[in-house]
Amino acid sequence: MQPLVHLLPVVILLIGSMTGSVYASRKAFLYSFLFTSFYFCVGLVRGTDTAYYNIALSWVLLTPFYMFIFRFRGLEERDFLFLIRAIAWMSILEFGVGFVQLIIFQGFKLEFTGNAWDKVVGTTLSQSSHVYSLKMLFQGLILTLIYKEVKKNHQSILNLVRFAAISAFLGALISSYMVGIIMSVFFLVMFYSLRIFKSLKDAAVSLKIKKSRSKIMIIQLSTFILFFSLGVTVFAKLQPGNFKMITLVADKLLSVDFSDQYKFQKLYAFEQTFDRVIKKDITTFLVGLGPGQYSSRAALILTGDYLYPHPSYFPVSMSEETRQIIWPLWNDEQQAKFRGSVLALPSSSLISVIAEFGVIGLLILLLLSRRLVFINVQRGEGFSGSFVALAPIFMSLFFAQLVLDLWLEFASFTVFMNLIFIMCLSMIKKE
């Protein structure tokens, strides 16, 4: 069922084209054409004898990013309100489905082990609890960050947004993606800490600290510290197993030793990729090994040990680098301590981009995303402007997740995020 997700962008764009609400950005089309040319040239020149399988499969998995070619015409505030309502109701529905799956398949068991159960998947069609968890995390984050604007101007949907945000974060919790949850909590703590620090700094610089403002800032800071401490304490009491897992993961991160692959498989894979692939020769450094040739989902599928059963129409094909570096780490039973966790997997989108497309591919990825990181809203005020202003936060968090897993190739997640990103880009008057 998962391949059907790749058809969603086509359906959206067909409907948009027929209604005249979607158009193609010439600059984005040019970037996409240049990337596609680079993509196929590197794949055919650098690939193995069966490279066309790697190229085709990798290209299919990355097709949702061609959504960036298109823009929505005439977006208004009501369109962004509709988006928030859709995300809210989707969060509630997804949590309901995930909760039922938790009861049916896990007997309401909430004692996580760090493994991906792959039972609580909602309606993502991905057969991966990690995809469900990350999608719910992003939905909860979007609703949380836009909450202030909703409270200010759209009281009618305030309760819906509140309930949906809680549902989204609970959905992320019950799906056992502990690393993603830890990263999300850390990001939120840092985000709000920086906001509080900025308020204090602005007040100090202006030298106009009013008593009422000082009291408000002190109350906000104290409330934040109190609720965070209370939340950690309650979590530790109610979920001792999960709290212990978090401390174990933190200990792993702090005591990492690159010389021992079993200390932390993912960082070991980064180190091996840099030493044995990137530094191999100048050509590999610049353009990589070619699409689907190293640690991407396409490369893992073609190892024959990723999909069960392995599709008969795909050959079992591995590059020499995959056979020597990725395959032993992927197939190693000694990684049992973190087996099933992304910490144990020798793959991530960042590794894939660097190894398969080299420095040039990494620069292209950064170039394509720079408009969202440094977005400057030139039209659209009020609710829509506030939403678009959050695009750098969404993109930064998305990039942070690329270190953990192969998120660039999970259409169940990327289609959702790309739709939000192109809505934000559509609000820019000139690109």
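## Buried residues and helix packing

At a relative accessibility of 1%, Ser347 counts as buried, because the cut-off for that class is under 20% relative accessible area. The structure shown here is a predicted model, and Ser347 has its place in the loop between helix 14 and helix 15, the latter covering residues 349–373. Leaving aside its neighbours within four places in sequence, Ser347 is in contact with Lys266, Ser295, Leu300, Trp330, Leu404, Asp405 and Leu406. Between Ser347 and Arg297 there are 8.7 Å in space, C-alpha to C-alpha, although the two are 50 residues apart in sequence.

The protein as a whole holds 18 helices and two strands, and 48% of its 431 residues count as buried. Among contacts between residues at least 6 apart in sequence, 76% join residues that are at least 24 apart.

The axes of helix 11 (residues 265–278) and helix 14 (residues 320–330) come within 10 Å and cross at roughly 170°. Helix 11 and helix 14 are therefore roughly antiparallel to each other, since angles over 145 degrees are classed in this way. On the side of helix 11, the contact involves Gln265, Tyr268, Ala269, Gln272, Arg276 and Val277, which meet Glu321, Gln324, Ile325 and Leu329 in helix 14. By residue class, this contact divides into five nonpolar, three polar and two charged residues.

Helix 5 spans residues 129–145, and its 17 residues reach 24 Å from the first C-alpha to the last, close to the 24 Å expected at 1.5 Å a residue. Helix 5 is mostly covered, with 16 of its 17 residues buried.

Helix 5 packs with helix 18 at an angle of about 20°, the axes being 9 Å apart. That angle makes helix 5 roughly parallel to helix 18. Helix 5 contributes Val131, Leu134, Lys135, Phe138, Gln139 and Ile142 to the contact, while helix 18 contributes Ser412, Phe413, Phe416, Met417 and Ile420. The residues of this contact divide into eight nonpolar, two polar and one charged.

| Helix pair | Angle between axes | Axis distance |
|---|---|---|
| Helix 11 and helix 14 | roughly 170° | within 10 Å |
| Helix 5 and helix 18 | about 20° | 9 Å |

Thr414 lies in helix 18, which covers residues 411–425. Is Thr414 buried or exposed? With a relative accessible area of 1%, Thr414 is buried, and it touches Pro64, Phe65, Trp407 and Leu408, not counting residues up to four places away in sequence.

Ala400 has its place in helix 17, made up of residues 391–401. At 33% relative accessibility, Ala400 counts as partly exposed.

Methods
Residues numbered from 1 in each chain as written. Predicted model: local features only at pLDDT ≥ 70, side-chain atom pairs only at ≥ 80, totals over all residues. Heavy atoms only, no water. Helix = DSSP H or I, 4+ residues; strand = E, 2+ residues; numbered from the N terminus. Expected span 1.5 Å × (residues − 1). Buried < 20%, exposed > 50% of the residue type's maximum accessible area, 1.4 Å probe, protein only. Axes fitted to C-alpha atoms, helices over the stretch in contact; angles between N-to-C directions. Parallel < 35°, antiparallel > 145°, perpendicular 65-115°, else oblique. Contact = heavy atoms within 4.5 Å. Nonpolar A, V, L, I, M, F, W, Y, C, P; charged D, E, K, R; others polar.
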